[in-house]
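Please open the structure in a viewer and keep the selection tool at hand.

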Amino acid sequence: MKDAIVAIDEALCTGCGRCKEICPVGAVSGTPGQPHKIDQKKCIICGQCVQICSGYESILEEYAIDRATRLEQRGMLDTVQEPLFAAHYRGDVKKLLAALEDEKTVTLVQCAPAVRVALGEEFGLAYGVLTPGKMATSLRRLGFDRVYDTNFAADLTIMEEGAELLARLEKNEGLPMFTSCCPGWVKYLEDHYPDLLPHLSSCKSPQQMGGVLFKTYGAELAGVEPGCVYSVAIMPCTCKKYECDRDGMDSSGFRDVDLVITTRELAQLLKHKGIKFAGLADGEFDQPLGAYSGAGNIFGSTGGVMEAALRSSLELATGVPLDSVELNYLRGGEGFRVAQVEHQGVQLKVGIVAGIQHVAPLLDKIQQGEADFHFIEVMCCPLGCVSGGGQPKTVLPQQRIHATQARKQALYRHDSGLELRKSHENPQIQQLYKDFLGAPLGEKSHHLLHINYSDAEHCGGDHE
């Protein structure tokens, strides 16, 4: 379907049904042996069908559409060598190349935490090899003017989301509060449980918080006009392409994030430019929007947002440091995990949903007043962003388990090795509030960093 973010090429589809089985919302239909289709109105753009698809263009077959045309239709570079599978997502790299070649444009880029633990796989490195330094170097080689980090915005999200949780607890309203970092989850709630939208945190995701800061605070620091800034996000998630185009994501006065490309698309672009990623020396992210804590880094794994939020909100609420920041009871990939949290008299009941297919029974209980949670994290993909639809593709089931577990372990290993592991202790975040934002949930923060999902229109399946 024209301009759909995720689609199935019927000429390549073998009708094996794997995409239909993995789709968490029943958006894929078709009979065995026949080409399958995606109902764009039901699709939450998670890209799991893209990850599992095994039907690809064969050199032994003749097709009505040749490979060059197929690459063009998908928005992919003509130098891409990888097999073309039936389930695919829209490519946007050509738009990025045009921006990088425009001398009047100041290009700023941010990178999600799950990208740095998977990008190396596209260049022959082992699963889970951490490459933030090579990533920073490679992005400068591509020509970006500033290389920033979504982890910084993740720390900022914790400041706002943690303050919002404490405010709701004090007023005893809007509970349980849902996290809102996963756009597939947000779309699911809007489509299926709109009456529960008041429970959704009003915080924008780290991608969108980063984007609005680039075109306000970042443009001010760089001494450039916000209208000249082209804001790019590199994400493990296909639904982030949808999120950046939503209504309300223009609080800077411009589109806050102009373009999203995935981990795979970045790898394709680096190969296109002949950049030997595996042999690059390590670089650094630009400051101050590239400084982050370990809490910001673990956003890429299921349970990570919850752990990051509790590391800060429990300390800020009580004024007493946690005995340990290793909140292992929040980590795990099962469908639904429950934990009781206690610190200095503050008691919380929290829940973590790994995979959107597990959330409906919980939401039904909340509607019926039968669930007594305070805070719930929902991630659309099985292990969170490390298993996102835009990550390097793994075809065999065992290969996929190995890859996603290694990526997850790498995120926590990176966290444990950092000196700063709590978002509220990030000195650049503290400086941001002092110089620009004021206070969490303040007037400026509210305008730039929050969105009312109850009022905001979303594509509602019109992403065609």
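This is a predicted model: local features need pLDDT of at least 70, side-chain atom pairs count only at pLDDT 80 or more; totals for chains, interfaces and linings use all residues.

**First stop: His-88**

Select His-88, which is buried because its relative accessibility is 16%, below the 20% limit for that class. His-88 belongs to strand β4. Display its side chain: one of its polar atoms lies 2.9 Å from the backbone oxygen of Ala-86. Next, show the residues that His-88 touches, leaving aside those up to four places away in sequence: Ile-5, Val-6, Ala-7, Ile-8, Asp-9, Val-50 and Arg-74.

Begin with the second largest cavity, whose volume is about 170 Å³. Its lining consists of 18 residues; select Met-76, Glu-82, His-88, Tyr-89 and Arg-264, which are the closest to its centre. By class, the lining of the second largest cavity comprises 9 nonpolar, 4 polar and 5 charged residues.

Move on to the largest cavity, which holds about 300 Å³ of space. Select Cys-181, Pro-236, Cys-237, Lys-240 and Cys-385; of the 25 residues that line the largest cavity, these lie nearest its centre. Then highlight α7 (183-192), α8 (206-222), α9 (239-243) and β13 (382-385), the elements that give two or more residues to the lining of the largest cavity. This lining divides into 18 nonpolar residues, 6 polar residues and 1 charged residue.

**Third stop: the backbone**

Most peptide bonds are trans, and most residues other than glycine have a negative phi.

Which form, cis or trans, does the peptide bond between Leu-175 and Pro-176 take? Select both residues: the bond is cis, with an omega of about -5 degrees. Pro-176 is located in the loop between α6 (150-171) and β7 (177-178).

Continue to Gln-287 and Pro-288, which are also joined by a cis peptide bond, here with omega near 0 degrees. The loop that contains Pro-288 runs between α10 and α11 (294-297).

Turn next to Ile-45, a residue other than glycine with a positive phi, near 60 degrees. It is placed in the loop between β3 (37-38) and α2 (48-52). Is Ile-45 buried or exposed? With a relative accessibility of 0%, Ile-45 counts as buried.

Finish at Leu-441, where phi is again positive, at about 65 degrees, although the residue is not a glycine. Leu-441 stands in the loop between α15 (427-437) and α16 (443-449). Its relative accessible area is 37%, so Leu-441 is classed as partly exposed.

Conventions. Residues are numbered from 1 along each chain as its sequence is written. Side-chain values use heavy atoms; hydrogens and water are left out. On a 1 Å grid over the protein atoms alone, a cavity is a set of points where a 1.4 Å probe fits but cannot get out, and a pocket is an open set with protein on both sides within 12 Å along at least five of seven lines; lining residues have an atom within 4 Å of a point. Grid points are joined across faces, edges and corners, and a volume is the space filled by probe spheres set on the points. Helices (H or I, at least four residues) and strands (E, at least two) are DSSP runs, numbered from the N terminus. Ala, Val, Leu, Ile, Met, Phe, Trp, Tyr, Cys and Pro count as nonpolar, Asp, Glu, Lys and Arg as charged, and the others, Gly among them, as polar. Buried means under 20% relative accessible area, exposed over 50%, partly exposed in between (1.4 Å probe, protein chains only). A polar contact is a pair of N or O atoms within 3.5 Å; within protein, one must be able to donate a hydrogen and the other to accept it, and residues adjacent in sequence count only if both atoms are side-chain atoms. Contact means heavy atoms within 4.5 Å.
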